Amino acid sequence: MATLSSELIADLKWRGLFSQSTDEKALVEALKKPTTLYIGFDPTAPSLHVGNLVVLLALRRFQLAGHIPIALVGGATGLIGDPSGKSEERSLNTSDVVAAWVERIRGQVSKYLDFQAKPNAAMVANNLDWTSPLSAIEFLRDIGKHFSVNQMLAKDSVSSRLEAGGISYTEFSYQVLQSYDFLELYRRHNCTLQLGGSDQWGNIVAGLDLIRRVESGSGHALTIPLLAKADGSKFGKTAGGAIWLDAEMTSPYAFFQYWLNTDDKDVINFLKVFSFKSRAEIEALEKTHNENPGAREAHRALARELTSIVHSEDICNRVELASRALFGQGELSELDEATLASALAELPRTTVKSGDPIPTWVELLAATGVVDSKSAARRIVKEGGAYLNNTKISGEDFAPEKSDFLCGKYAVLRKGKRDLAAVELI
RNA sequence: GGCGGGUUGCCCGAGCGGCCAAUGGGAGGGGACUGUAAAUCCCCCGGCUCUGCCUUCAAAGGUUCAAAUCCUUUACCCGCCA
């Protein structure tokens, strides 16, 4: 990892993690010394998702380069709602919901930073700590006075909303709160750099203005491009919804598969953006990938590294084993019970009591939740996408027999090419 | 405050008394081809105890043998005039 500031910036640029910054020369100069920087995460859901990982890992890159990272969890801003990039007003969440999400996200964010590092230990902050004690009058006199409505209206996040039908005073005020966060972190920790997605540019420079006006101080802004996929679809979304970092919300198996199934056209870019591998290592993978894309070496490296970072190396190994065991190579019936059990542990599942009659394939699949209804499961059978233990089955009434249960316990249902579920006989 | 227009399945959007579970596009799903990729082609896409039945066209009531389609009220959105 680059430790010299010019190398750090060059590395970020090479990885496609550099959108724009305030005076780049001055930034490089400032980064020659350990610098305190922050990124904010608003609790808009119970977990962060893979989209957040881009900036979160960027923060880690800075720490590895010797800087002091602060992860700010937006206990206050999460109550307000950032209009950036939204075409409609957000619906507000209650304060207990937001408070609960803050705690979960605080825990998540902490996994990616080093709090023991010397001399640049990471910190986690919550903007509710300094926003909540502030009275409305103080806020308007001490902070609001420094903002020009003309400039606020000119911000992209606001002007696009004005065109799209309107914005509430609440969301309009968001940029003031975010600016105040930067000011507070500047005061408390001499934090002089804020990172964010490119949609955060306006909010970040508003903070720099505030620091200049109130403290006559200066700082820097650096934004990271929003990650785009080659086919134009939104990164991090699947039919099932977002890919979350929380293992309860997106299983490590599904997480691993998500990366393994990355579009060929995206895989090298994703390695640059997410991986901590060196440029040389990534370029070697690029070469391998171009020579034999079918081997999916680059995909596998990406999936392995991210699953290890987000979950753990141990979980990653288990999940990869499951992935290999369940996909084609080798007969399922040849797997020993331990391997099978751990592979299936990662899948959506249902159970059948050993005394009870065994339900039909359709009923079992519906019970695992892989499809929304029995009609959907029936459709799969009709269309020829139904498999039991990797063997195609037909007939809507098809039901597994006792003897179909591998090791006397497990049956593997498959829908289409890659959607798997497990049935356990208990 | 007055007048007019709108609210349809995951999204966009036709339908404007029976032939409507509702045209078309997108998203999504299955198949073929492949590499657990992309592109392409074919098929599917409310639910169920599935040759039939049930619940949907903002909500609630009504007219009719029959309503997404007509009437009334309510909620929300959007225009024009004050």
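The legends below describe a predicted model, first as a whole chain and then in several close-up views.

Residues are numbered from 1 along each chain as its sequence is written, while chains are lettered from A and ligands numbered from 1 in the order in which they are written. In this predicted model, local features need pLDDT of at least 70, side-chain atom pairs count only at pLDDT 80 or more, and totals for chains, interfaces and linings use all residues, with side-chain values based on heavy atoms and with hydrogens and water left out.

**Figure 1. Overview of chain A.** Chain A contains 20 helices and 13 strands, where helices (H or I, at least four residues) and strands (E, at least two) are DSSP runs numbered from the N terminus. Its C-alpha atoms fill a box of roughly 75 × 45 × 40 Å along the principal axes, and 49% of the 426 residues of chain A count as buried, which is to say under 20% relative accessible area, whereas exposed is over 50% and partly exposed lies in between (1.4 Å probe, protein chains only). The mean pLDDT of chain A, the predictor's confidence in each residue on a scale from 0 to 100, is 87, and 96% of the residues score at least 70. Confidence is lowest in strand β7 (residues 237-238), with a mean of 70, and highest in strand β2 (residues 36-41), at 94.

**Figure 2. Helix α13 against helix α16.** Two packed helices are described by the angle between their axes and the distance between the axes. For helix α13 (residues 252-260) and helix α16 (residues 297-310), the axes come within 8 Å and cross at roughly 145 degrees; such axes are lines fitted to C-alpha atoms, for helices over the stretch in contact, and angles run from 0 to 180 degrees between N-to-C directions. Among the residues of α13 that meet α16 are F255, F256 and W259, and their partners in α16 include L302, L306 and V310, contact being heavy atoms within 4.5 Å. By class, this contact of α13 with α16 has nine nonpolar, two polar and two charged residues, where Ala, Val, Leu, Ile, Met, Phe, Trp, Tyr, Cys and Pro count as nonpolar, Asp, Glu, Lys and Arg as charged, and the others, Gly among them, as polar.

**Figure 3. Helix α14 against helix α16.** The axes of helix α14 (residues 264-274) and α16 come within 9 Å and cross at roughly 35 degrees. In α14, the residues D264, V267, I268, F270, L271 and F274 meet A298, H299, L302 and L306 in α16. The residues of this contact divide into eight nonpolar, one polar and one charged.

**Figure 4. F398 in its loop.** F398 lies in the loop between β11 (391-392) and β12 (410-415), and F398 is partly exposed, with a relative accessible area of 25%. Leaving aside neighbours within four places in sequence, F398 is in contact with T360, W361, L388 and I393.

Figure 5. Most residues other than glycine have a negative phi. N390, in the loop between β10 (386-388) and β11, has a positive phi of about 65 degrees although it is not a glycine, and N390 is partly exposed at a relative accessible area of 24%. C407, in the loop between β11 and β12, has a positive phi near 55 degrees, and C407 is partly exposed, with a relative accessible area of 39%.
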